[in-house]
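Biologist: I am new to this one, and I like to know what stands behind each word. Please show it to me, and let me ask as we go.

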Amino acid sequence: MKTYEVKQTAGVLLNANESPFPLPAMIREEVKARVDDIDFHRYPQDSAKALRAAYGSYLHINADQILFGNGSDEMIGFLIGHFIHQGKCVYTLQPDFSMYDYYTAIHDGKILTYPCDGAQPFSVSDFITYGKQNEVDLILFSNPNNPTGRWLAPKEIHQILDAFPTIPIIVDEAYGEFAPASIVHDVDQYENLIVLRTLSKAFGIAALRCGCMITNLQRMKQLRPHKVPYNVNSLTQMIAELVLTHHEIMAENVKTIIGQRELLYKELQAFSEAGLTIFPSEANFLYGKTARKHELFAALKKHQIYIRDYANSDAFRITIGTPDENKMMIETFAEVFSHKEDL
Ligand SMILES: Cc1ncc(COP(=O)(O)O)c(C=O)c1O
């Protein structure tokens, strides 16, 4: 069992799906002005009331349907811990976010995976059939999928929800802002739906650890009492609330990232004859494969550019950076793939 691990290094960091945009100076000034109001000798507001109100207003959702955690990661652990114990089975995709396996293993659960890697189309009906054959207890997947960038439309997720009406289904929308639509407004229609969101990606405050789960009031009433007290610290609550009130800044950054993603996708596709496969994405990253990974990573290392490497496979994932960072990355890919493999 291994947790995911990203080595922080100097250089161009395109390996952890973070936002490449630092917190704007204007928000930093507001943060400084508000720090003095924090009662550092007191525990934080336990229910993150103001933060929930800000997120509810951003998503047009009732604040009582939101539960915040120390990153959405805490919520993943919280939910798996709630639903899974020895012998229970979590049904997810392969590949998907590695922390699902980690928390399932901690709680002595089993993992069942449905293959969803890159090229072959995703068949919702095959996914359902395989899950039914194996009597699963919890369904959990990221949408858009990390690492492939593949996105399931609400109507496809509705089919899954309808097929497993008594099983909790957690849709992890960590990259939801980069995708065409969200399933979050369907939590009242589907009793078994729980949606995860984070402020670590599009909102660019990964350092603060702030994410949440959203569900209907009935399910929230069962789950909320199990949350550990004071799990979101006062600084995080204050800054996250500020960032949310300026969500138009995030929306501009998302627009830039999507524009860059589409541009990079086209530019990288141009290397397909030289042995590079790149997949379309609805997130802030691109997933690719190449048998020439050794050459590629040597060139990236030379320029101190870091992308995500999937060991023992030919897969990799590139987080979309700033336009300058992306240019450096593309130039390095060109160094490797603009000529045929040296044999
Ligand atoms: C699919 C997915 N879910 C959840 C997370 C965790 O995000 P957070 O920073 O909110 O803990 C990540 C982080 O990379 C992720 O890729």
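Modeller: Two strands pair if DSSP finds at least two bridges between them; strands are DSSP runs of E with at least two residues, helices are runs of H or I with at least four, and both are numbered from the N terminus. This is a predicted model, in which local features need pLDDT of at least 70, side-chain atom pairs count only at pLDDT 80 or more, and totals for chains, interfaces and linings use all residues. Residues are numbered from 1 along each chain as its sequence is written.

Biologist: How do you know that β9 and β10 pair?

Modeller: There are 3 bridges between β9 and β10, in the antiparallel sense, and that meets the requirement of at least two. Leu-276, for instance, has Thr-290 in β10 as its bridge partner. The two strands form a hairpin with 6 residues between them.

Biologist: Which strands make up the sheet that holds β9 and β10, and in what order?

Modeller: It is an open sheet of 5 strands, in the order β1-β11-β12-β10-β9, with mixed pairing. β10 (residues 285–290) also runs antiparallel to β12 (residues 315–319), and 5 bridges join them. One of the bridge pairs there is Tyr-287 with Arg-317.

Biologist: What packs on this sheet?

Modeller: Helix α10 (residues 293–302) does, touching β10, β11 (305–309) and β12. Touching has a cut-off: two residues are in contact if their C-beta atoms, placed from the backbone, lie within 7 Å. The direction of α10 makes about 150° with that of β11; such angles run from 0 to 180 degrees between N-to-C directions, along lines fitted to C-alpha atoms, for helices over the stretch in contact. Helix α11 (residues 323–337) packs on the sheet as well, touching β1, β9, β11 and β12, at about 85° to the direction of β1.

Biologist: Why is β10 called largely enclosed?

Modeller: Because 5 of its 6 residues are buried. A residue is buried if 20 or more other C-beta atoms lie within 10 Å of its own, exposed if 12 or fewer, and partly exposed in between, with C-beta atoms placed from the backbone.

Biologist: Why does Glu-173 count as buried?

Modeller: Glu-173 has 22 C-beta neighbours inside 10 Å, so it passes the limit and counts as buried. This residue lies in the loop between β6 and β7. Leaving out residues up to four places away in sequence, Glu-173 touches Asn-143, Ser-182, Val-184, Val-195, Leu-196 and Arg-197.

Biologist: What makes you say that both faces of β6 are covered?

Modeller: Ile-169 and Val-171 on one side, and Ile-170 and Asp-172 on the other, are all buried. β6 runs parallel to β5, and 4 bridges join the two. Across that pairing, Phe-141 stands opposite Val-171.

Biologist: What is the order of the 7 strands in the open sheet with β6?

Modeller: The order is β2-β8-β7-β6-β5-β3-β4, and the pairing is mixed. β2 and β4 (110–115) each have a single partner strand, so they stand at the edges with one side left without a neighbour in the sheet. From one strand to the next, the twist averages 20°. Helix α2 (residues 49–59) packs on this sheet, touching β2 and β8, and its direction makes about 120° with that of β2.

Biologist: How do you know that the reach of helix α3 is close to what is expected?

Modeller: α3 (residues 72–83) has 12 residues and reaches 17 Å from its first C-alpha to its last, against 16 Å expected. The expected span is 1.5 Å times one less than the number of residues. Buried residues of α3 include Ser-72, Asp-73, Met-75 and Phe-78. The partners of its buried residues include β2 (66–69), β3 (89–94) and α4 (99–106).

Biologist: Which residues come nearest to the ligand?

Modeller: Of the 13 around it, Gly-71, Asp-73, Thr-198, Ser-200 and Gly-211 come nearest. A residue is near if its C-beta atom, placed from the backbone, lies within 6 Å of the molecule or strand in question.
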